[in-house]
Structures are given as structure tokens and as C-alpha cells.
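Please keep the sequence and the 3D view open while you read.

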Amino acid sequence: MPRRKPFSNKQKKKQLQVKRERKRGDPGSGQSSRNASVERGVRRDRQSDTSDSETTDVRRINQQPGTRDGRYDPNRFRLHFEKESKDEVEKRKKMAQETILQPVPERDLEMDINQVYPEELGLDFPRRPSWHYGMQREELLRKEERSFREFLETLHSRNPPGTLSHFEHNLETWRQLWRVLEMSDVILLIVDIRHPVLQFPPALYHYITGPLKKQVVLVLNKVDLCPAPLVLAWKHYMTKHFPHLHCVCFTSHPGQPYSTLLQKKRMRRKGGWSQAGGPIHIMRACQEITAGKVDLSSWESKIQKDAVAMGTEGDWPDDGVETVLMEHHSDVAMEMNSPTQELYKDGVLTLGCIGFPNVGKSSVLNSLVGRKVVSVSRTPGHTKYFQTYYLTPTVKLCDCPGLVFPSRVNKQLQIVAGIYPVSQLQEPYSSVGFLCERTPFLSVLKLTHPEQSPGTRQAQDWTAWDVCEAWAERRGYKTAKAARNDVYRAANSLLRLAIDGRLCMSLRPPGYVQNRDQWESHPELAEIVALQGRRAEEEEESSERDEEEGESSSEPEDEDDRDADDDEDGDGDDEDESVRSDKKSKGFTLNMFGVLGENECE
């Protein structure tokens, strides 16, 4: 038997590196393989990076490991945002530790769309340059890249550094938008009702209704997270300023607050949608737009069948469900797709779904299809590629990845709205301070000041850092080595509560506070309340029932649930065992997810 050769730790480490590279699709071994892998990665980034890298430092977010065969690049459509300097990050962190939080008056939450997208500052979006079938594919790509660089240069020349919010710098994602706009007959522009002016670019609306001569259906999603008068006020504000807009209210959770951890798990598995929340309203808006040019009776029949098949328990049966045809489009097919002015070609209505990240676009699409076909996540940029779904032989859906348009909105507000990935934040504390100044965080979170002595009730001044420390203490978040309060994890947890709607901050349209009584007595209010699925008296009965069943329904929090807030895809458990609504305003149902329960986090 031959003598075994010694195998050092250094050789073992080298062997493991080679195995990892093989899994990533980079065959080879040793240092040369690593250098080749790095070189290929740099070359791939140079080919796909079409941002103005000479003038802007771009940060690529949500990087995914490569596939083994190397044919598909999972990072092709990941978010590209402008990178912040270390000095700016450290400055905000220091301010979060020293600045005393001051409650912001409700009137300051009123926001006009011109504050977010000033017309005089050229806050447009990149357009696809003209082309013809005689052009080669490479020539078309170079023309698009050159046009995109010119767009960025013009945008930055008209807006000083630091004034623009985070927006998409990845040309590949903008190409997805161009394809969807060209293919669709009607555009579904989906926004979050808590901050619709952030997610409604006027330039996009004018481009669709002007040069493209197509119709826009504005889907006000998550209406169950806001009071009915506020929903109605936003609906009238948008239709007043954009007269060619068709507004539709939508919710994926009508009248079903999360009362137990088990209910939340079921809702996650279903993809976060319900048939009762608004597909019929979108269908009726499309009937009004098409004016009989497309037969939508099959779509109406599908919606009714899906509602019956869903059953009383909200779960789909194994049989009796219609299939939905799904198509993936190749790059060449999309790049050389000819824009056509013919609407409803071959008697088929094509709907294009467009929206910012985290507006609930995937949940709306799942609800329209009638089953979970798109994974739901609170991670911005989760939807990576272009897909088409045939609901019926005459109705087709085109899904587009979430896009962030250039604006002048506060970056902290962008983060609270879920536009920027929470897990990628270098400094989340200033965003927590921004959130706490605009929400009743003390009464909702039931925090104890970190410097408060036991047994005393003296009022203390709070900073954003104090809030994170108190929440870490309450949740038991500790660092691994020193067992100190993990304030970074606590800050991320609080921001995810805001994104999920359990620590809810909603913007108001201009004049809402002054005209609140008018909206609370508006004749259209009953329709919004019915869509939300809960009347005031039902809410009161449910609150009393929850108080009686609170101890029996809540489950002890295990270690997996404690770490659930680190699950950015949102497919795991949530971190709260019981979320109940105990807030009412003059007989109208308030945010049912915005208040944490009495036994929260215990």
C-alpha cells in the first residue's frame, strides 16, 4: 500500500476554494482560477454597467450567486443606486445619537406631488431611442447605452449633488420597462396608498397618455392600511390632477387582521393575496376603457370561479382550478420587438404591471391570476425578469421588475416606504428617527428608556439611538461576543415593521387636515369601507373578542421567530405573535396592522 502524502491546511483551504468556484460555475483550480474568476466578474460588470461611472459612484445591491451553467446572470437586473460617502454616513449616525426626537404635526405629513417631482428640474425617465429592423443587435445596444448615459448626464447637470433621491442606474431594468410599455394596451400603475405621490412619476403618465396614446389604471394598493377617509382623499386628489387616470382601490387582506402567528404563515404561503380585494374593480375599469372592443366575459367568469374555488377558509383546493399559461421572453425577442400602435391586437387585451419596489405589485398580480405565480417579498428588486401570463384567451398580463424613478424626495422617506433595501443600509438609525417623529412609537412599541431607573416614571428625551437600544432590549437582540444590545438589528426590525404596515406612517394630500370632516362624511366613503372589509361595529366586536382570546391564541416566541426579521424575502415567520387593531377614529376603521398587541414580543 503506497504511503499517504501529507495534506496541509493550506492545501485543504485551496481545495475548498476550488470546490466553491465550481459551484459558482467558474471551473479551474488554484490562484489562476481565482484570478480568472475575478477577471470574468469585472468584465461582466463592465459590459452590464451602463451607468455614468465616470461621474457617479454606483452601488450594486442584492448580489446573488452565479448559476452553475453560467447561461443566466442572476445579477443582471439587480438594483443600482448611487453610493453614499463614508463621511455622510458617519455624520447621520452621529446625529441619530444626539438629536432629540420631536413629534411632527400632522399637517407636515401633507405632500404635494410637485414637491416630489418638480416640473422645472427635468425629473424625467430614460426613453428608448428610435431604431429600425435594419440595425444590428449590437448597434442597438450601443445606441441605448449612449442614450442612457446622456440622460444621466443631463439629469445630474440640472440637479446638484445630494439633491436627488435614490433611483435606478441599471439600464437592463429600464429596458424591461420599455418592453412592457411597447407590448401593453393598458398600463396598471400600482402605488402604495400610504405614500402614492412618491410612486407616481408624472413624466411616465404623460408619456403613456401622450406619445403612446394608451390608458393608465392607477391601482391604489394596501387600502386596508389607511383610514377610509384618507383613501378617498388620495383617490380624488389623483383624479383631479390627472384627469385621464382611472383610479381603482385594491387590498390583498380585506378585513383579515393577523391575529395569530399561524394565520400569518398561511398568508405568506398563499403569496399575500385575496380574491375579494379588487380584481373585479380592475376588470370593470378595463371594460370601461376597451368599450366592447375586447370580450372580457371570460375574465369576469374566471374571477367568479376563483372566488368560489378559494372557499371559506381562503385555501385553494387541489382540483377545479384553471391553468394559467406563462411565458418567459428571450432577450433577443424583447430587444427587437417592434412598437405597435395597434391596440387589442387579435382581440387580446394586454395589461402591463408597473410599479416601484414594495408597492405590492406581485400580490396584485397573484390576485389577478388567481394563485401564487410570483413570490412575494419585502425586498426591493425581488422581481428580476419579464414574464407574461395569460389569464384567459383574451386577457394577458405583463409583469415588470420594480423601478425607482428620479425624484427630489427625502432619502429617509424612501427607506421608510421600502424603496431601498433595509438589509443594505449602512446607517438605518436616522431613518428610524424619521419614522418615530411621525408615528406614536412610544404607545405602539411600549418602550422603556435605556437610561430610566427602575420604578421611576419620569419623562425622558428620546433619540433614534435610544429607540433602537430600547427595542433591542425588549426583543432580546444581543451581539454575539459582548452580549450588548444589537442596535443595528433593532433598527432594521423597526424599519421592517414600518414597511409591513404594523408601525404605519401615511402621507396626506394637501388640505386633508383642514377638510377632514368633509372626507369623513363623503357619500363615497361606504364603498371604501366595504372594500376594506370591516365596518366600525365589526371592528369593535373583533377587538373585544381578541382581548378575551389574547392569552390562548398567542404562542411563545421561539428562536426561529426571533430571527424572522432577518429573513429579507419574507417567506418565513414574522416576528410578532399577535397584531390587533385597537385604534378608531370617529367611527372609521384605522390601520389594522399598525398597532402591536398587548402581549407583543413577550
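**Notes on the model**

1. Start with histidine 169, which lies in the loop between α5 (137–158) and α6. Helices (H or I, at least four residues) and strands (E, at least two) are DSSP runs, numbered from the N terminus. Is histidine 169 buried or exposed? Histidine 169 is buried, with a relative accessible area of 0%. Buried means under 20% relative accessible area, exposed over 50%, and partly exposed in between (1.4 Å probe, protein chains only). A polar atom of the histidine 169 side chain lies 2.9 Å from the backbone oxygen of phenylalanine 167.

2. A word on the source. This is a predicted model: local features need pLDDT of at least 70, side-chain atom pairs count only at pLDDT 80 or more, and totals for chains, interfaces and linings use all residues. Residues are numbered from 1 along each chain as its sequence is written, and side-chain values use heavy atoms, with hydrogens and water left out.

3. Now the whole chain. The chain has 22 helices and 11 strands. Of its 602 residues, 55% are buried. Residues 24 or more positions apart account for 76% of them.

4. Next, charge pairs. Side chains of opposite charge can pair when their charged atoms come close. A salt bridge is a side-chain nitrogen of Lys or Arg within 4 Å of a carboxyl oxygen of Asp or Glu. How many salt bridges does a search of the whole structure find? The search finds 17.

5. Look at helix α6 (residues 171–183). Arginine 175 and glutamate 172 both lie in this helix, three residues apart, about one turn of the helix. They form a salt bridge, with the closest N and O atoms 2.9 Å apart. Arginine 175 counts as buried, at 4% relative accessibility. Glutamate 172 is buried too, at 10%. Both belong to a network of salt bridges that links Arg128, Glu144, Glu172, Arg175, Arg179 and Glu182.

6. Compare two other pairs. Arginine 127 and aspartate 124 meet through their side chains in a salt bridge (2.8 Å, N to O). Arginine 127 counts as partly exposed, at 30% relative accessibility. Aspartate 124 is partly exposed, at 28%. The side chains of arginine 438 and glutamate 437 also meet in a salt bridge (3.5 Å, N to O). Arginine 438 counts as partly exposed, at 23%.

7. Helix α7 (residues 202–209) is mostly covered. Six of its eight residues are buried. Which are the buried residues of α7? They are Pro202, Ala203, Leu204, Tyr205, Tyr207 and Ile208. These residues pack against α4 (113–116), α6, β3 (186–192), β4 (215–221), β5 (245–249) and β7 (349–355).

8. Last, a helix pair. Two packed helices are described by the angle between their axes and the distance between the axes. The axes of α17 (residues 464–475) and α18 (residues 487–500) come within 8 Å and cross at roughly 95°. That makes α17 roughly perpendicular to α18. Axes are lines fitted to C-alpha atoms, for helices over the stretch in contact, and angles run from 0 to 180 degrees between N-to-C directions. Angles under 35 degrees count as roughly parallel, over 145 as roughly antiparallel, 65 to 115 as roughly perpendicular and the rest as oblique.

Key. Polar contact = N/O pair within 3.5 Å; in protein donor to acceptor, adjacent residues only side chain to side chain. Contact = heavy atoms within 4.5 Å.
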